[in-house]
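I opened the model to look up its disulfides first, and after that one of its helices and the chain as a whole. My entries follow in that order.

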Amino acid sequence: MLNWLYKVAFLILFVVFNTGLSGQIDQTDRTIDLRNNIRNLRSKSNLQIAPNIEAIPVLDRSIAKFVEIPFIINTDGLMESTIIQGDNAESYFLLSNVRLREGEQLTIQSADGLWPSQVIGSDRNKPSGRMLIGPFRGDLSIQLSQDADSGIELQQVYTSPQNVGAMELGFDASFKCHVNINCKEGSRFSDEKRSAMRIRMVSEEGVALCTGTLLNNTLGDREPYVLTAFHCLVPPTGTLTPIYDMWLFDFNYEGFSCANPEEEPLPFSVQGAEKLAEWEDTDMMLLRITEDIPKEANVFYAGWNRELEYEPDSTFLIHHPVGDIKKISIDYDTARIHDKNIGWNNGSNSSPFSHYINDFDEATYQPGSSGASIFDRYGRVLGQLHGGPLSDEQCTLGLGYSGRLSVSWDTGDGPETRLRDWLDPSDFGFVQIDGLNAKQSEAIRFTGSVLTADGLAIPNVRVNLTGETSASFLTGSDGRFVFENLASSGQYQITIEKNTNAGNGLSSRDLVIIRNHIIGRRSIEDQYALRSADVNGDGNISSNDLVQIKNIIIGRLDAFPSSPSWDFEPNVLQMDGTNTPTSSSEVTIIGFKLGDVNYSAKPGN
């Protein structure tokens, strides 16, 4: 492969463009006719597209004219206006001077009634007075409360050009070879999928579609940080001028099952963002959502790994190709650190070691997947998708390049160029962290210690949490574990396991004590010693247990055939919402080494 690698940063998808506005008012004095504007715009866009171009170009910026929307009072006593698009156009509309008072409503619906109407209240007001509505297809009817201020203006219209590179956009438009997130391939990633969202990036020049991921930070404070791609604002031609407070973040835009839904699902959308950091070499852009994310969205803040030399043995990508519902792509092989320069079709280039390279085995990606996070098998973000060669409709090509989070961590000279200041604001120095659920109710902190019966800490015990949140903790030298930010009303199960060095603590002395118990010469009274003696787990202490212990001692066996090397009391904890503490809880778990009835095992071995 050549050092200069020409790849397409094609995952930026410019779906809609603005047009200068000129209002044509009909006899009823309540209509804006955009048919000529849209027809001219589409003609111009089609002429600019080369037959084999691999990324959708951006039109030259047109000058937006502010046109006051003319309202009249209809027979229902509502103020009403109509926008005529014609040609079944699909468009977004950027309104300005929108300042609804409490109780006032703005209702937008398609004239044919086939598209869902939007009812907007004062909670959607922005300090700028702007409001983005759509997409809508065909003519629009706009209604406003009679006593509302009718000085609303139509600032810009963003309309999809027809036959752009023979590419369909939006719902059900991606390759049929893509895998929906709720197919079996995505079943293990039920948390991570809730961190991914479609982003509709509004600019003066148009609306771009990309993918982003909510990230956790070391404080676990649920700041809505979003990782996406720098090149989403730097297409192959020109540069976009973002209108950040109009950006839309669409969570849970996915099918309910593996099959494609017959009707388009409605996402949970929040609006508004601010840019925090960017670094072109790794194609990193970090945003913060400025609007509250509703609890109903049930989002997840993904964990991350910034190990500098880490090459994971498998990875997966959760994304929105061409703005379609959520998909998953999987690479079952090792993601390699790419050691060569990469050239991109927007004129930029990326230095060696700045990107991972993947060759996905399940499905691929398309324009609109840009910025989607690449995760390791533990569900931790490693970076964001940049681009690669375009595939065909059979997903036969899945070669992709992703900017590395570990390189973006400490680039440039300050917070505006790197991730460190935002994802580790207190400078804890963590190399990796796990994900975090949205705060649904009062959070609790569940902590505990794993000790022997005589009070010694047991390290290297795996404590697993399953239920509404899944997590795993490996105890250290102090034997302690902690699970934070659990919902007090949640249902959880905690299991404890350790299965190392079966011979630890076993000797002929243990055989003598157990044999004396079996023949009734001297019974074992200690409850933990009794359970330690039952190494085959059948509920009885017998000669079969003695045989297994002896075979471990003499080296004939290196593990108990039907039991782990350690057992615990309790070895399962259940929390069903009724017995879950309301603030924090501390529990002590007693561990005992199987076969070691005289407690001679060393917990650290």
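**Disulfides**

I looked up the S-S torsion of C177 and C395 and found about 75 degrees, so this disulfide (a pair of cysteine sulfur atoms within 2.5 Å) is right-handed. C177 sits in the loop between strand 12 (153–159) and strand 13 (179–180), while C395 sits in the loop between strand 30 (380–387) and strand 31 (399–404), so the pair ties together parts 218 residues apart in sequence. The sulfur atoms of C177 and C395 are 1.9 Å apart.

I note that the model is predicted, so that local features need pLDDT of at least 70 and side-chain atom pairs count only at pLDDT 80 or more, whereas totals for chains, interfaces and linings use all residues. Residues are numbered from 1 along each chain as its sequence is written, and side-chain values use heavy atoms, with hydrogens and water left out.

Next I checked burial, taking buried as under 20% relative accessible area, exposed as over 50% and partly exposed as in between (1.4 Å probe, protein chains only). C177 is partly exposed at 24%, whereas C395 is buried at 13%.

I then turned to C183 and C258, which are joined by a disulfide with an S to S distance of 2.0 Å. The torsion about their S-S bond is about 85 degrees, so this link is right-handed. C183 is buried at 7% relative accessibility, and C258 is partly exposed at 39%.

For C210 and C232 I found sulfur atoms 2.0 Å apart and a torsion of -110 degrees, which is left-handed. C210 lies in strand 15 (residues 206–215) and C232 in the loop between strand 16 (225–229) and strand 17, 22 residues apart. Both cysteines, C210 and C232, are buried.

The count comes to three disulfides, and with the bonded cysteines numbered in sequence order the pairing reads 1-6, 2-5, 3-4.

**Helix 6**

I compared the length of helix 6 (residues 543–554) with expectation: its 12 residues should span 16 Å at 1.5 Å a residue, and the end C-alpha atoms are 17 Å apart, which agrees. The expected span is 1.5 Å times one less than the number of residues. Among its buried residues I listed L546, I549 and I552. G555 follows the helix, with a positive phi near 90 degrees.

**Whole chain**

I recorded six helices and 41 strands, and 55% of the 605 residues count as buried.

Terms used. Helices (H or I, at least four residues) and strands (E, at least two) are DSSP runs, numbered from the N terminus.
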